[in-house]
Every structure is written in structure tokens, then in C-alpha cells.
Amino acid sequence: MSLRRVALFGLVLLPFVLAATAIAGVLFLRQGGFAPYRIPHGAGRIVAADAATVARGAYLAKLGDCAACHTTRGGVPFAGGRGFSTDYGTIYSSNLTADMHYGLGDWSADEFAHAMRNGVSRNGVLYPVFPYAHFAQVDDSDLDALYAYLKTVSASAQAPSPNRLDFPASWRPALIGWRMLYYHAAEAAHAPSSSSKPLERGRYLVDGLGHCAMCHSARGARGSLPPQGYLVGGRIPGVGWYAPPLDSRQLQRYSIDQLVAYLSTGTSLQGSAYGPMAEVVYNSLSALSAEDATAIATYLKNVPPHTQPTQRLLPPEQAPQPGVVNLGADVYKRACADCHGDDGRGKDAAYPPLRDAASITAPDPINAVRVVLYGGMAPTTAGNPRPYSMPPFVQQLSAAEIAAVINYVRHDWAGLPSELTAADIAGMHGIVLD
Ligand code: HEC
Ligand code: HEC
Ligand code: HEC
């Protein structure tokens with residue numbers, strides 16, 4: 001190629017190169033520019049570590065559910081190693097104990113706050129399984145209290161398990177590309193105190209430490225959390241449960257007090273928590289102060305209803321049609337009515353109603369299928385020390401009977417076109433991903 005042709009070729013390409021660079025620049029700025037990758041070094045500020053601050057930090061760690069994700073089943077608290085399965089492989093949580101080598105022992109308060117806000121630490125860019133998108137909204141004084149508390153957690157020299165991920169997800173710098181496409185840095189909020197308006201306090205807790213949107217939002221491409229999916233509900237990636245929307249329409253069947261009961265005891269007249277929500281109540285929300293539980297309930301009851309494609313409309317009650325032979329109705333009478341009542345209205349707070357239960361009115365039937373297959377148990381909490389449980393039916397009922405009873409309840413009581421087949425149920429056997 002002659003020099004002239006190379007120059008011409010370059011001139012033709014130049015605008016494209018410039019445009020691509022400009023787009024990359026805008027995307028890079030949108031995820032926070034270079035600032036997230038500048039880790040604060042050195043000893044930094046001194047943070048108060050008096051008993052009151054440490055106690056506040058311990059409470060905030062409960063709200064953030066840190067121990068649940070950073071402890072293996074039966075393992076040393078906060079020593080990390082719990083695995084999270086994603087589409088790209090398994091990511092293990094880090095050691096947060098005061099160990100100098102494997103934990104946060106020699107981290108400064110600034111480095112800790114930086115990791116919580118930006119998802120970047122001395123170990124590199126962190127995977128978004130760590131809910132830093134939400135923790136970015138936690139204010140400085142709450143982060144300092146968390147830091148002061150974590151400093152008191154006894155050291156455990158447990159090395160974090162190496163992640164098992166496919167390339168390029170295994171290469172941390174690739175996360176910069178992911179952040180450019182899917183991540184918007186959030187502004188840190190100023191923590192409204194528990195004496196300020198419940199609505200503001202509730203929003204702060206739900207969006208920040210509570211990271212409720214991590215499960216309760218609709219996901220976009222590659223596990224991202226686009227703003228339009230906020231609390232819209234959806235299947236939780238890697239877990240195989242559906243988290244319902246959280247808004248004023250979904251929660252209309254709860255009064256504020258009933259919602260407070262659900263969140264802090266795991267049970268209420270409207271239903272009880274099971275699956276991953278039972279864990280959230282057990283490990284985290286059962287520790288809520290009465291004011292904070294009321295604040296969260298008040299905020300959730302004020303989230304404007306979402307306009308999902310599959311809107312949840314409660315149909316008028318239908319009288320059973322005489323003479324119609326219905327396998328589902330038959331199974332219901334035999335296997336379910338004793339507890340859930342002939343009319344599906346449940347019995348007190350012991351056996352929840354099915355008529356407008358979240359799992360029955362959901363666009364996604366997975367929770368109902370899982371509960372019927374493997375049973376369910378609300379968490380044991382101070383407010384509900386001996387929870388009632390639902391037995392598993394995987395041995396008692398055939399896949400066809402399970403499909404029929406769920407179709408019957410969803411169709412007749414929630415007006416949903418439920419057409420689960422025996423093959424669908426068989427395909428969901430063994431999905432015990434969590
Ligand atoms: C949903 C699970 C989950 C919750 C809840 C969670 N974390 Fe984590 N966290 C993780 C995972 C997984 C990692 C490892 C990410 C990685 O290696 O990229 C992590 C990493 C971290 C790191 C970075 C550690 C390092 O060595 O780089 C810090 C700091 C941290 N978490 C603090 C907290 C605190 C404090 C809380 C509670 C307020 C919390 N986490 C709650 C899952 C969670
Ligand atoms: C680990 C995932 C996860 C997290 C985090 C989570 N939830 Fe849930 N939540 C679920 C699932 C799954 C369900 C459906 C099962 C059930 O109803 O018990 C649920 C159900 C609920 C319900 C019942 C809805 C209804 O219509 O009955 C409420 C209320 C709720 N969550 C509130 C919250 C709040 C508030 C937070 C944050 C503090 C939160 N959740 C965090 C997974 C999660
Ligand atoms: C021995 C009593 C008992 C029987 C029999 C029983 N259930 Fe349940 N069921 C419960 C209890 C208790 C819960 C709440 C479990 C929890 O919170 O973890 C529950 C929860 C449920 C849920 C979740 C409700 C929600 O809030 O979303 C569904 C769906 C369900 N049952 C369906 C059925 C079906 C269908 C049958 C019959 C095949 C059946 N149950 C039989 C006791 C029972």
C-alpha cells in the first residue's frame with residue numbers, strides 16, 4: 001500500500017475512531033471517571049470507636065445483612081467464603097474480620113468507605129454481587145460506625161476461596177467494561193435520623209443498607225439493575241426464586257402495622273416469609289427497631305404502583321362451578337384445604353391465605369412450585385418463636401397433580417392464565433440452587 005493510500009485510509013477512519021473514543025469517554029465518566037480506581041492509602045482519619053458507635057455499627061451491620069453473605073454455613077462469622085453462583089461462575093465473599101493479612105485488619109476507614117461506595121478495593125474491581133451500588137448511598141457517619149464495629153470482630157486467618165469464573169469474567173479489569181455499560185455511580189445520601197420523617201428514613205434504609213432492590217428489581221442485560229426496574233420484581237439471578245414487586249399496589253393487602261409484623265417477625269395475617277426472604281428476616285430485619293421497621297413499611301406503601309406488563313388485578317370472587325371435574329380442585333381439597341381453608345383464606349397467622357398470596361398472584365409461578373415441592377418454613381424470630389411450616393409434597397403428589405393444583409389456585413383465585421404442565425414441574429425438581 002502506498003503512503004498516500006495509508007494516509008487516505010487513516011483520514012476515512014479518523015471520524016469513527018474519534019466517535020468511538022468520545023463514546024467510551026462519556027461511558028467512562030458516567031461510571032465515575034478515574035476516581036473509583038484511586039484507592040486511599042495510608043492510615044487516614046481516626047474514627048471514634050466508643051461503645052455507642054460500635055453498638056450502632058453492629059445494628060447497621062444487621063440491616064446490611066453483612067454476616068449472612070460473609071459467613072459460610074456454620075463457619076466463623078464474617079470470615080467470608082460463602083459462594084454465589086452467577087451466569088459466569090461462582091464468586092466467594094471476602095473475609096471482613098480484623099485479620100491483618102486476609103481481613104480488613106490494616107484497612108483505613110477511608111479505604112473501607114471507598115470500597116463500600118465504589119466497589120473497588122486493594123484487591124481490584126469488585127463483582128456486583130457485593131451490593132456496593134446500594135451501599136454507595138449510605139452516609140459517612142453510618143459507614144464509620146460500620147467500620148468501627150468490624151474492627152471489633154475477632155480476627156480469623158481464613159484465606160478467601162478463589163473464585164471459579166469463566167474468562168473474561170475472571171479477569172477483574174473486565175469489570176470496568178461492565179461498569180461503563182451498566183453502572184451509574186449513585187450519590188451518597190445524608191442519613192435521616194430515626195426521628196426524622198418515616199418516609200425519608202424508610203427510603204434511606206431500603207435503598208442503602210437494606211439493598212432490597214438487589215432482589216426486588218427487574219434485571220437488565222448482564223445482571224445490571226436499570227433504574228426503570230427499581231422494585232418492579234423479578235426472578236433473582238442464580239437463586240431460582242421470584243421476588244415480588246414492592247409498591248403500594250402489591251402491598252395494598254397489608255396495613256402498615258401488618259407489614260411491620262411481616263418484616264420484623266416473618267409472619268402476618270397476609271402471609272409469611274419463606275425462601276430467601278425468610279433468611280433476610282432471620283438474619284437482618286428481625287433486628288430492626290420499631291421506628292425503622294415502621295419507616296420501611298411506610299416508604300414501601302408509598303412507592304407508586306409499577307406499570308408492569310403483567311399487572312396484578314384481583315378478580316371478583318368466583319363461585320365454584322358445579323359439575324366441573326377439576327383435578328386441581330380435587331387435589332386442593334385432599335392435600336391443602338386442611339391448612340389453607342376451603343376458600344383459600346388461610347387460618348389466622350398460622351396458615352397463610354392463598355387467595356391473594358404473593359406467590360399465587362405473581363406473573364412467575366416459581367415460588368408456588370418450589371413451596372409445594374419442597375415445603376416452606378417461616379423464620380424463627382422473637383415475635384414468632386414457633387413458626388408453622390408447610391410440608392414438602394414432592395413425595396406425596398405426582399408432577400401432574402402439583403401442576404394441576406397450582407394452575408387451579410392461580411387461575412380460579414388470581415385470574416391468571418396458569419398453564420403449568422407436569423413436564424414444567426418435573427423440570428423444576430432439584431432446583432435447589434441456594
Ligand atoms: C449479597 C451478599 C453480600 C452482602 C449483603 C454484603 N456483601 Fe460484602 N461482599 C460480597 C461479596 C461476594 C464480596 C466479594 C466481591 C469480590 O470479590 O469481587 C464482598 C466484598 C466486600 C468487601 C471488599 C473486601 C475486599 O477484600 O476487597 C467489603 C469491604 C465488604 N464486602 C463489606 C460488606 C459490608 C460492610 C456489608 C454489610 C453492610 C456487606 N459487605 C454486605 C457479598 C455481600
Ligand atoms: C435475597 C433476596 C431478597 C432480599 C435482599 C430482600 N427480599 Fe424481600 N422477598 C424476597 C423473595 C424471594 C420474596 C418472596 C417470598 C416471600 O414472600 O416470602 C420476598 C418477599 C417480600 C415481601 C412480601 C411481599 C408480598 O406481597 O407479600 C416484602 C414486604 C419484602 N420482601 C420486603 C423486603 C424488604 C423491605 C427488603 C429489604 C430490607 C427485602 N425484601 C429484601 C427476596 C428478597
Ligand atoms: C400442614 C399445613 C399445610 C398444608 C397441608 C399445606 N400448606 Fe401451604 N403453607 C403452609 C404454611 C405454614 C405456609 C407458610 C410457610 C412459610 O412461610 O414458609 C404455607 C405456604 C404456602 C404457599 C406460599 C404462600 C405465599 O404467601 O406466597 C403456597 C403457594 C402454598 N402454601 C400452597 C399449598 C398447596 C398448593 C398445598 C396443597 C398441595 C398446601 N399449601 C398445603 C401450610 C400448609
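This is a predicted model: local features need pLDDT of at least 70, side-chain atom pairs count only at pLDDT 80 or more; totals for chains, interfaces and linings use all residues.
Against which helices do the buried residues of helix 8 pack? Good morning, everyone.

Let us begin with the overall form. The chain contains 17 helices and 9 strands. Its C-alpha trace spans about 85 × 70 × 40 Å along the principal axes. For 434 residues, a compact globule would have a radius of gyration near 22 Å, and the chain, at 25 Å, agrees with that. Of the 434 residues, 38% count as buried. Among the contacts with a separation of 6 or more, 66% are between residues 24 or more positions apart.

Now to the opening question. The buried residues of helix 8 pack against helix 2 (51-63), helix 5 (132-135), helix 9 (213-216) and helix 12 (290-301). Helix 8 itself covers residues 198-207, and because 8 of its 10 residues are buried, it is largely enclosed by the rest of the structure. Those buried residues are Pro198, Arg201, Gly202, Arg203, Tyr204, Leu205, Val206 and Asp207.

As a general point, nonpolar side chains tend to be buried together in soluble globular proteins. In this model, the largest nonpolar core has 95 residues, and Phe112, Leu263, Ile296 and Ile406 have the most contacts inside it. Helix 16, residues 399-414, provides the largest share of this core, with 8 residues. What does Phe112 touch, leaving aside residues up to four places away in sequence? The answer is Leu104, Trp107, Leu143 and Tyr147.

Three strands form an open sheet in the order 1-2-5, with antiparallel pairing. Strand 1 and strand 5 (164-165) stand at the edges with a single partner strand each, so one side of each has no neighbour in the sheet. In general, the strands of a sheet pair through backbone hydrogen bonds, either parallel or antiparallel. Here, strand 1 (residues 83-86) is joined to strand 2 (residues 89-92) by 4 bridges. To take one of the pairs, Ser85 has Thr90 in strand 2 as its bridge partner. A hairpin of 2 residues leads from strand 1 to strand 2.

Most residues other than glycine have a negative phi, and most peptide bonds are trans. Which peptide bond is cis here? It is the bond from Phe167 to Pro168, with omega near 5 degrees. Pro168 is found in the loop between strand 5 and helix 7 (174-182).

His211 is not a glycine, yet has a positive phi of about 35 degrees. This residue lies in the loop between helix 8 and helix 9. Is His211 buried or exposed? His211 counts as buried, because it has 24 C-beta neighbours inside 10 Å, and the cut-off for a buried residue is 20 or more. Arg222, also not a glycine, has a positive phi of about 50 degrees. Arg222 lies in the loop between helix 9 and strand 6 (234-235). With 14 other C-beta atoms within 10 Å, Arg222 is partly exposed.

Finally, let us consider the surroundings of two ligands. Around ligand 1 there are 22 residues, of which the closest are Gly64, Cys66, Cys69, Ser121 and Phe130. Helix 3 (66-69) and helix 4 (109-118) each contribute at least two residues to this shell. Its classes are 15 nonpolar, 6 polar and 1 charged.

Ligand 3 is surrounded by 29 residues, and the closest are Tyr274, Cys336, Cys339, Ser359 and Gly376. Several elements give two or more residues to the shell around ligand 3, among them helix 14 (358-361), helix 15 (366-374), strand 8 (376-377), strand 9 (389-390) and helix 16. Which helix gives the most to this shell? That is helix 13, with 5 residues. By class, the shell around ligand 3 comprises 22 nonpolar, 6 polar and 1 charged residues.

Thank you for your attention.

Key: Residues are numbered from 1 along each chain as its sequence is written. Chains are lettered from A and ligands numbered from 1 in the order in which they are written. A nonpolar core is a set of buried Ala, Val, Leu, Ile, Met, Phe, Trp, Tyr and Cys residues joined through C-beta atoms within 7 Å. A residue is buried if 20 or more other C-beta atoms lie within 10 Å of its own, exposed if 12 or fewer, and partly exposed in between; C-beta atoms are placed from the backbone. Two residues are in contact if their C-beta atoms, placed from the backbone, lie within 7 Å. The radius of gyration is taken over C-alpha atoms; the globule rule is 2.2 Å times the number of residues to the power 0.38. Two strands pair if DSSP finds at least two bridges between them. A residue is near a molecule or strand if its C-beta atom, placed from the backbone, lies within 6 Å of it. Ala, Val, Leu, Ile, Met, Phe, Trp, Tyr, Cys and Pro count as nonpolar, Asp, Glu, Lys and Arg as charged, and the others, Gly among them, as polar.
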